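Thanks for sending this one over. Here are my notes, in the order I would raise them with the model open.

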Amino acid sequence: MIKEVSNNIYQCEIPLPENPLKILNSYMIIDKNEALIIDTGFNHPASKEVFFRCVETLGINLRKTRVLITHLHADHSGLTYDLYQRGCEILMSEGDGNATLNLLKESTWRKLKEQMKSYGIDVENDFFDEHPGKKYAPAGDFPFTKVKEGGILEIGPYRLKVISVPGHTPDMINLYDEKYQIYFSADHVLASITPNIGYWGPEHPGILKQYIDSLNKILPLRVNEMYPSHRVIIKDHKKRIHELKKHHRRRLNEVKSIILQGTVEMTIEEIAAGMSWKIPFDSWKDFPPAQKAFALGEAMSHVEYLIENKEIRHWSHIDDVLVKQESE
Ligand SMILES: [Zn+2]
């Protein structure tokens, strides 16, 4: 459950109940009386119990601890409110920090539901109630210190540089120590699963392109070990980045052929339903709401990329929902 992956850097496996990801890797870096924790797990009793047991086992003084949250997702940010209450300083990027607080408001979920409706999805009243982002979100508001590209977090011998890697979320951050050649990749690069690249609305255009740019950005770094938020440590980050880029190229080709073989007007739902998914459900209509939302976002980000890159001509998306052939 707790493993020392580098000198005074501990990887703690926090369970994520009812979630296909199963485990979040929280990293706890210790120096004398001080600590830096990276990500927390869900605000769920099972995650919480293990998280605080790790804190106790490692003898961490929460009053002298900074907690860096790499991005807004609840499996990373779930316990921020509890940690703030216990005296920790919370560090986040401006974009994902504000978005985490927004997701605590009922009005944000109402807006998301409207967006789903515009995708043509039948949304009942409780559509998002089982969504982990709502169910296991932080218990309340918390103030946070903004961190951004180039900022340095020092702890013991480590000088961790903040690297901005938009894509998986609009303002996700990673940490990199140049001297020790270690890199905390959050959900930007994962070993055996491909990070979900969704759609974040017209305020964040070109998110898939941003993701690929963020992969290219870290490709040349000298990295001995990459510490991701899920699954195993990555030894050859360059190889893994090439695989992820190939995955999205295949995905783009798949979406392109669905569109070109389809009718002159298609909904994003029709495109998403035509894509292949590694999910144990026979048909699109059996997907649970949260999985549907993820799949629609992924379809949309790929459609948007194809349009922007002029790979599908005479197509455009109207109200972010329809892909339609222009009449000539
Ligand atoms: Zn995530």
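Predicted model: local features only at pLDDT ≥ 70, side-chain atom pairs only at ≥ 80, totals over all residues.

1. Residues are numbered from 1 along each chain as its sequence is written.

2. Overall, the chain has 10 helices and 15 strands, taken as DSSP runs (H or I of at least four residues for helices, E of at least two for strands) numbered from the N terminus. Its radius of gyration over C-alpha atoms is 20 Å, close to the 20 Å of the globule rule (2.2 Å times the number of residues to the power 0.38) for 328 residues, so the chain is as compact as a globular protein of that length. The C-alpha trace spans about 70 × 45 × 35 Å along its principal axes.

3. The domain assignment, which is automatic or from a database, gives domain 1 (2-118 + 129-236) and domain 2 (244-325). Their C-alpha centres lie 28 Å apart. The contact (C-beta atoms, placed from the backbone, within 7 Å) takes 18 residues from domain 1 and 19 residues from domain 2. On the domain 1 side, α5 (106-118) and α7 (207-218) each supply at least two residues, and α7 gives the largest share, 5 residues.

4. Buried residues make up 40% of the 328 residues in the chain; buried means 20 or more other C-beta atoms within 10 Å of the residue's own, exposed 12 or fewer, and partly exposed in between. Beyond four places in sequence, Met28 is in contact with Tyr10, Cys12, Ala35, Ile37, Cys54, Leu58 and Ile60.

5. Do have a look at Gly156, in the loop between β8 (152-155) and β9 (158-164). Gly156 counts as partly exposed because it has 15 C-beta neighbours inside 10 Å. Asp31 is 125 residues away in sequence, yet the two C-alpha atoms are 5.1 Å apart. Leaving out residues up to four places away in sequence, Gly156 touches Asn8, Ile29 and Asp31.

Technical notes: Contact = placed C-beta atoms within 7 Å.
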